[in-house]
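Please keep the sequence and the structure at hand while reading.

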Amino acid sequence: MTELHPDLRENVRLLGELLGHSIQRQPGRKVYDLIEEIRAAAKADRRQESGSGQNLVSLLGKLGDEELLPVTRAFNQFLNLANLAEQYHGIRRKRGHQADLMVESFAEVFERLSAGGVDAEELHHQVSRMRIEFVLTAHPTEVARRTLIMKYDEMSECLASLDHDDLMPAERNEIIDRLSRLVTEAWHTDEIRHQRPTAVDEAKWGFAVIENSLWQALPKFMRSLDQSLQDASGKGLPLDATPVKIASWMGGDRDGNPNVTHKVTREVFLLGRWMAADLFLRDIQALRAELSMWQASDELKQQIGDQREPYRMVLAGLRDRLIATRDWAEASINGETADASNILFNNEDLTGPLELCYRSLHECGLGAIADGPLLDTIRRAWTFGLPLIRLDVRQEADRHAEAVAEMVEFLGQGDYLSWPEEERQRFLLTELQGRRPLIPRDWEPSDNVLEVLRTCEVVAGQPPEALGSYVISMASSPSDILSVILLLREAGMKHPMRVVPLFETLDDLRNAPDSMRALYDLAWYREYCRERQEVMIGYSDSAKDAGQMMAAWAQYQAQEKLTEVANQYDIHLTLFHGRGGTVGRGGGPANRAILSQPPGSVNGSFRITEQGEMIRFKFGLPRLAIQSLTLYTSAVLEATLAPPPQPEPAWREAMDWLTERSLRAYRDVVRENPDFVPYFRQVTPETALGKLALGSRPARRKPTGGVESLRAIPWIFAWTQMRLMLPSWLGSDVALGAALETGRLPVLQEMIRRWPFFRTYIDMLEMVLAKSDLRIASYYEKTLVSDETLKKLGEDLRARLQSCIDHVLTIKEQQHLLEAEPVFAHSLRVRNPYTDPLHYLQAELLRRDRESEDQGKVPETVERALKVTMAGISAGMRNTG
């Protein structure tokens, strides 16, 4: 049995010991002893393979109200500290130490590609033109408070300091004292957010990730890529290369979120410009201290005359304009009169002077100086630019159709919403090809339409580099795209913005290729999009709609066909992957996911959402961010230059056969069984999730309604909390079982061996099954469900979960889950004694919470302890939704 790496085990032990000291100091030894007794009982129960958990349940049942909170907080805090230790272990650089989670270097990837027949010229071409865009989203899956995240980051720095082998005893003690203080501060900090963050708060959190991590990580990542490319091809990266970009939905995603208004979006644009000006100002001030040289090129002298310190003069001008930009942005945010006369607006205002200094230094033989911090700032200027991030806007297609319909009706031209698609297209294209304004001066639109128009005005007022994509959810026809282009043009947009349809449900995915073909058939649109198109694939809602297996296959087929259709029209397609952190929302190891995409669909460009807690796990620390950027870049490059083989016809046939059964089995339960929704509501904490102030967005698209109106995140969150993990396996159990019964095992095993898509699917299924727990799921039901009919459904679901586990073990020829992932398996086992008490407590607290709600008043202790259990289980599972 694989154990944790000794260094990781030592850090987990140290952090746990420091937490224990804090608890002993306050609330005291009695509570500490109680927590240790509970932990020992949880371990003992786990050692008994068929243990019922009765010892632990009995112990927890004796807790008084005053003991509930410190006990739940202690287990929650330990799980967060264990996560911190694991996260740090993945990036540690102790001498002679090879971390378990270190990623392959660029040199190794380039060498493998070269061995596979990729020549140096092609490698350089592909790396230079590569475009990967990470889209930070405010999806409410980050449970930890920002205050605590900052303390955890500083704890990671302390662990890094302890890794030095040459520390004096006094130095080591000083670091441990600091670590002890931080653990004590975290223990005495409320871990629960009591007020929902506003959309602007969420955007500020996104900017903080750039300021505290990506700002440092980006130049180091670029240096590594540049040097490896130089070694492999003889040429480095172009100065303006931007293999990665950062975009955001925070403050731009208004789909189902009434809290994101045009005023919010405007403020977020301005906040980005303020933060960018402030960060670049710090860089420029540091560069002025460095670039004290007197030699300069004629080109530079022509600009500033004959100066003793020419570089400082150029940078002084840039400094003054950055200060003016920061002051202008701040005044604009505060609604004050803002002086825009000397601000930096377009990105070349920033890159121009920096590159002038760079060229001059090289011309004067001072390339070693030019390629230092100045080059880092130039890289940042091209990647982040003056807007800092590229803001996406997302809105539902119906909102745009409503806006056009009101205009058409006011102009007396008919009922737009009742027109067939061909007539809508004809009208929109006529307006787009004409020059007259469509919006009448004396028209008074409805509030909903006015908000759409005001948003378009805010977007139209931004420079191109500030804008990401305008994403249209529920898009199904060309008129959905054309209406947005028309509304933007009417708002004063002078340059074409990417307009991106989002295909989410099973029907959307199946119809997507025909929808895009109809759009490409329009000559006007092909000219507008300049032979480049982006299409977004929604993973979360398709999985909730059709089950994980059917959704994964539908997504694969849609991407294949969308790529094929784009190629027919000579259009370069970028697929935008709307993945979540969990398997039920398309999550999983990034490199394997990218390398299992259909061949040809990753053509040097890739866009992906990063959300909630996954932003912290991937980009929260500079070295972690470098590792993640390297991982994604390598995978996109490899998927482009050495794509997986086309699936065999027999494999396609097998997937069609499997998914026909998985879809029916999934929907028979989720849609057709009248007992399912009542069971879901009773056995999971779904109804209590609203108590967690996770994000600015409501949990439901509509205030009332069943599972279909519930967003994908709380849907996954609820099943994860009680460990049935239903969204990730339901349907697969029946399909795989039927395949085994009908002699299809050999073809399934061949698909695992030879087809990255299917291998990744089965591996992700295995991972989520390993996180499930029949004993805990059964306890939730026993505690929270009284109806015998509903209990029969629960019994059936647990039997199906067990059968799914058995099928995966048969297919992979294993005795236990995760035999090929022993480190991950051990990590789960280490967490069990801490998550188990939280699960049993949560079930009991939910029971008390519901009883108290029926009586009209929930005790504050119960409610707060319940919230802590949700946060703790999320930490233990390493994800929420």
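## Strands S1 and S2

Strand S1 (residues 131–137) pairs with strand S2 (residues 244–248) in the parallel sense over five bridges. Strands here are DSSP runs of E with at least two residues, helices are DSSP runs of H or I with at least four, and both are numbered from the N terminus. Two strands pair if DSSP finds at least two bridges between them. Leu136 has Ser248 in S2 as its bridge partner.

The model is predicted: local features need pLDDT of at least 70, side-chain atom pairs count only at pLDDT 80 or more, and totals for chains, interfaces and linings use all residues. Residues are numbered from 1 along each chain as its sequence is written, and side-chain values use heavy atoms, with hydrogens and water left out.

## The barrel

Eight strands form a closed barrel in the order S1-S2-S3-S4-S5-S6-S7-S8, with parallel pairing. From one strand to the next, the twist averages 25°. Strands of a sheet pair through backbone hydrogen bonds, either parallel or antiparallel.

Strand S5 (residues 498–503) pairs with S6 in the parallel sense over two bridges, and Leu502 has Met536 in S6 as its bridge partner. S6 and strand S7 (residues 572–578) also run parallel, joined by seven bridges. Here Gly538 stands opposite Gly578 in S7.

## Helices H31 and H32

The axes of helix H31 (residues 745–754) and helix H32 (residues 756–771) come within 6 Å and cross at roughly 105°. Axes are lines fitted to C-alpha atoms, for helices over the stretch in contact, and angles run from 0 to 180 degrees between N-to-C directions. H31 is therefore roughly perpendicular to H32 (65 to 115 degrees; under 35 is roughly parallel, over 145 roughly antiparallel, the rest oblique).

Leu748, Met751, Ile752, Arg753 and Arg754 of H31 make the contact with Pro756, Phe758, Arg759 and Ile762 of H32, where contact means heavy atoms within 4.5 Å. The contact has six nonpolar, no polar and three charged residues. Nonpolar covers Ala, Val, Leu, Ile, Met, Phe, Trp, Tyr, Cys and Pro; charged covers Asp, Glu, Lys and Arg; the others, Gly among them, are polar.

## Helices H2 and H35

Helix H2 (residues 29–47) packs against helix H35 (residues 822–854) at an angle of about 110°, with the axes 8 Å apart. H2 and H35 are therefore roughly perpendicular to each other.

From H2, Ile38, Arg39, Ala42, Lys43 and Arg46 meet Asn832, Pro833, Tyr834, Asp836 and Pro837 in H35. This contact of H2 with H35 has five nonpolar, one polar and four charged residues.
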